[in-house]
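Hi,

Here is the structure I promised to pass on.

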Amino acid sequence: MTLEGREILEYACARFEDARYDEALEAFVLAYGKGYEKEWILENIYNCYMEANEPEFRQVYSCLSEKCNISYEACILDFVPYKEGEYFIFDKEEACFRGVFSVNDVEQAEMDSELQKMEFSAVALELGWDWNDMKHILTDAKNRKLYVVCDDLNRAVSYWKIPELSEYMRNVMLFSEWEEFEEYFHNNTAVYLPKLFYGTEEGSKRFCEITQQEHAYRLTPEGRNTENVLLSIAIPTANRGNLLLKRLENLLQMQYDSEIEISISKNGTKYFEDEYKMVSQIPDARINYYDHGCDLKYIVNWSYAVEMAHGKYVMFVSDEDEVIIDALEHYMKLLSDYSDLSLLRAKTNLQNSAITERKYGRKGVEAFECEFSFQNYISGLVVKREIFLQENLLELERFSKNWFYQYYPHEWWCAMLSVKGDYMEEPVLLVVERESVQGEEMVQYREEGTMENMALPNYAIYQARLDQFQGQIEFLQFFCNGNSEMEVVGLKRAIQRTAYLLELARRNNYDCNNYINMVNQYVDICIKGIEDTKLDNIRKKELLMCVSVCCTSLVKLDERLNMESNNDMQ
């Protein structure tokens, strides 16, 4: 039997008297829908459910309404508090209730798969007015911008009243028409263009056309804006114009513009000058190219690639290596979320392929311990530009006779930056290291008489590793400056890393007869380095135990390899 409006209203009043307010509201709304005592019911709903919440609704709306010109009173929808995080929607213009909006459903909605794939880029959305239809998009609005073209702006903006939605709606920008959307991005070229489109087929097509047109404009000198660049891809290049052209073939396919740039610092004048000229003539304003017109020390060229950049962060990439464009979404999301970073080490397929999980260190000893002696390769290293420039790292050139500095100046850079900000190591593959051209170049240099033939690169032979190790000890004395905790961390890492590198050379059958002599020299350097510190005896003993373990491993390796060699001969 269907209840009449009067019976439903009586039931609602009884529930209200019993302080069962949710059930009462359900019944009041149902009675209103029956057309019974509508004015009285509506007046009581506003008095009993809305009046006490009105100041909060106004305050929340006022914090967001700067983004539009619609007053609180002009909002067509009101929201009647129901259960926790749920509201009945009342349409003042149509004088009807339009169901329930649940913030809980927004929080628990399954995010659209494209949003999960594209972590960083903004969304363009075509909307009638009902956010109930777009919960799978709105659920991620805390983390990204949503640009919304509305058919009914006064209803859509009404949702800004809901207190629990303020964290989501803070990133929402509403437009009443397509022309307004297009004009906004054309006039604000520092704002990142949306890359994800939702709506009707026709609407998504229109979003695509507008953003492609604006993207093309932003690649011109007139449309280029560097005020809000998040990431500069820095390519310090020397005598490899042919390789640089190949790298740009890949990078210029990016659909990013105002959020990214390619900062190229050219060193040298001897090889591939025609190719470098071609680079300088590429009509893409994202390329920030500078030709020094002379030969520079490579470390100066690296530093200049950062200095000339505009990005908040700068990623070094060798002109040999390829950036995986699809992975940039993930890394730009990290850089936008982790504002305290001064260093980020991205995974590469060879030199940094061992990165299998995220590692995070807070600035100071923790960050130093995470990063020290793991930065042998420059590609995939991301630095915060402001801190890098503040540190004036080229002043370290006064240590140019230090062998550790000569081979790995960027290790010094990273150590200095680790005390200024946090460090992150990320396992998502970002850089593909192409087959090194070093062997080809070494042949060329030998023909010119500039390099002697050798079984290993000069930096990898025993003596070079010991020279680098001695340089590390000298570096730690300078860098730690009496910080015993940091000095222990650094010395232990240097001792272990050098042992590993000596083992590596021995496994490559380099100068086998001289190996044990080099191990003995390694031990001598370790002991002297420890003795020269001002560490207490407990810490010195800890480091000497580390030396003992490494030395035992080095000797056992030699014994095993000699035995295997003798067996092979027999």
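Predicted model: local features only at pLDDT ≥ 70, side-chain atom pairs only at ≥ 80, totals over all residues.

Let me start with a strand pair: β4 (residues 123-127) and β5 (residues 146-150) run parallel and are joined by five bridges. For the terms, strands (E, at least two residues) and helices (H or I, at least four) are DSSP runs numbered from the N terminus, and two strands count as paired if DSSP finds at least two bridges between them. Within this pair, Ala124 sits opposite Tyr147 of β5.

Residues are numbered from 1 along each chain as its sequence is written, and side-chain values use heavy atoms, with hydrogens and water left out.

Back to the strands. β4 and β5 belong to an open sheet of four, ordered β6-β5-β4-β7, with parallel pairing. The edges are β6 (172-175) and β7 (196-198); each has a single partner strand, so one side of each has no neighbour in the sheet. From one strand to the next, the twist averages 20°. Helix α11 (residues 201-218) lies across β4, β5 and β7, and runs at about 150° to β7. Those angles run from 0 to 180 degrees between N-to-C directions, using axes fitted to C-alpha atoms (for helices, over the stretch in contact), with contact meaning heavy atoms within 4.5 Å.

Next, β15 (residues 381-384), which is covered on both faces: Leu381 and Val383 are buried on one side, Val382 and Lys384 on the other. Buried here is under 20% relative accessible area, exposed is over 50%, and partly exposed is in between (1.4 Å probe, protein chains only). In a regular strand, side chains alternate between the two faces of the sheet. β15 runs antiparallel to β11 (residues 313-316), with three bridges, and Met315 stands opposite Val382. It is also antiparallel to β13 (residues 341-348), again through three bridges, where Arg345 is the bridge partner of Leu381.

Finally, the cysteines. Cys48 is partly exposed at 42% relative accessibility, whereas Cys68 is buried at 14%.

Cheers
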